[in-house]
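Work through the exercises below with the structure at hand. Each task is followed by a solution in steps.

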Amino acid sequence: MSKMPGSVGTTRTEYVTFSEPLPLDSGAVLSPVTIAYETYGRLNREKSNAILICHALSGDAHAAGYHEGETRPGWWDGVIGPGKAFDTDRYFVICSNVIGGCKGSTGPSSINPATGRPYALEFPVITVRDMVRAQKRLIDHLGINCLAAVAGGSMGGMQALQWSVTYPEAVRKVIAIATTARSTAQQIAFNEVGRQAIMADPAWAGGAYPADRPPVQGLRLARMIGHITYLSDGAMREKFGRNLQGRSSVGYGFSTEFQVESYLHHQGETFTRRFDANSYLYITRALDYFDLAVDDSLAAGFAGAKASFLVVSVSSDWLYPPYQSEEIVNALAANGIPVHYCEIRSNYGHDGFLLEYGQLNYIIGTFLDHLLVRDVMETGIPTIVERASIHDASRIMIENGVNHLPVLSEKGDLAGIVTSWDIAKAVACDYGSLDEIMSRSVVTAAPDEPVAEVARRMEERSISALPVVDADRRVIGLISSDAISTLIGRCT
């Protein structure tokens, strides 16, 4: 399939297997661990433009584009692609299937190397934090030290929030949509009813069912129950009302008579063809355990987060209602953490995070475009002290492949800067001292400045890179015109 405007085109799922044991919250370990994932766009040289997309309960790694021979796009295709919120002309977008799932990552239907049979219920119980631990392995494998953003809706939003507290140094922005920071009794109750429906099916066989004879009836019922929670009363009223299915009057029996009944049966049936019953048990249990509060305090739970946040709720969502998003916002604000909150006006219910593409593209795109220097600067850059020689400066530049070298005073603050052009000048003029070539009048950037302002400053002075300094003029990074042009492009 050729690439259509706004589409990432044809995509394929990739796989990576890690032999190193993955420790789990339960105390168990999982080894080996296979992760199924897809990527869209291109990773920049600094590896600073990566965004991780996290999927919901029944999702998978195929978030955008089309698989060869298929006409149905990825589950979040409406917001991933050129010119969309997650603009693949600017960002390198990654989506992986969670462990415990059934779409390529290690889960209960995977082969247990100890027995040669599917794990089934021998698979260890997992948590959302375990899912994120596995994702971190993938991100490390891709050579990415810090993600530009982690985003997701529903269970995907939980993973995004978990990233912010488990790996605070590894993510700059978090986008959490139609989600919660801890599951409520009602949410746990719906999950339990679904699990009981599966386990009550005789074909479940204690979880040891053959692949060609799964507990279809139980899984179908679990999906029907779950799907009701994804819709709103208004959406169901508007879509179905009391309309009958294929008849003009009621039949006074228990066959399918109403359109809404037919719809739920269809949803249940299609779900059984693409999902594993045991994965449903494990993933819903992971949702039950999810709780970011520390000593019942969400503020304490988010105390170590360093990212900036976008929290989005859906007005008609009664599975994860807006008040739960507001709890997240209040907890972040209590810690002085930058947070933006939006409530999508929608009649779709919880499914609004999958369907309201127009609102999501605007809200997410606006949030990502509000870039600060800290979002794009390169950290861990090489520096040199004033007393060093020109030879030392040239050696450091060559070894690290850099063209700009901040010069530090004996106190550790910024004293000047040396460029590769300065080194060339020193050779041509036979200079011997670093002081003869370094620029002491240095234009700098602050980490909390808007990138657009810094870009204009660099353009006005024809400067290709600026040291980023803190309040004490200590160098904490470097921002280059290449990094800016890659990330903000036409949005400056």
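**Exercise 1: the annotated binding site**

UniProt, in an unreviewed entry, places the feature "binding site" at Arg223 and Asp351. They are spread over 129 residues of sequence, yet they cluster in space, with a largest C-alpha distance of 14.1 Å. UniProt positions follow the numbering used here, feature names are shortened, and annotations may be inferred rather than shown by experiment. The model is predicted: local features need pLDDT of at least 70, side-chain atom pairs count only at pLDDT 80 or more, and totals for chains, interfaces and linings use all residues. Residues are numbered from 1 along each chain as its sequence is written, and side-chain values use heavy atoms, leaving out hydrogens and water.

**Exercise 2: Arg223**

Task: locate Arg223, classify its burial and list its contacts.

1. Arg223 lies in helix α4, residues 216–230 (helices are DSSP runs of H or I, at least four residues, and strands runs of E, at least two, numbered from the N terminus).
2. Arg223 counts as buried because its relative accessibility is 8% (buried is under 20% relative accessible area, exposed over 50%, partly exposed in between; 1.4 Å probe, protein chains only).
3. Beyond neighbours within four places in sequence, Arg223 contacts Ser58, Tyr230, Gln267, Gly268, Phe271 and Arg274 (contact means heavy atoms within 4.5 Å).

**Exercise 3: Asp351**

Task: do likewise for Asp351.

1. Asp351 sits in the loop between β14 (339–344) and α10 (352–355).
2. With 13% relative accessibility, Asp351 counts as buried.
3. Not counting residues up to four places away in sequence, Asp351 touches His227, Tyr230 and Leu231.
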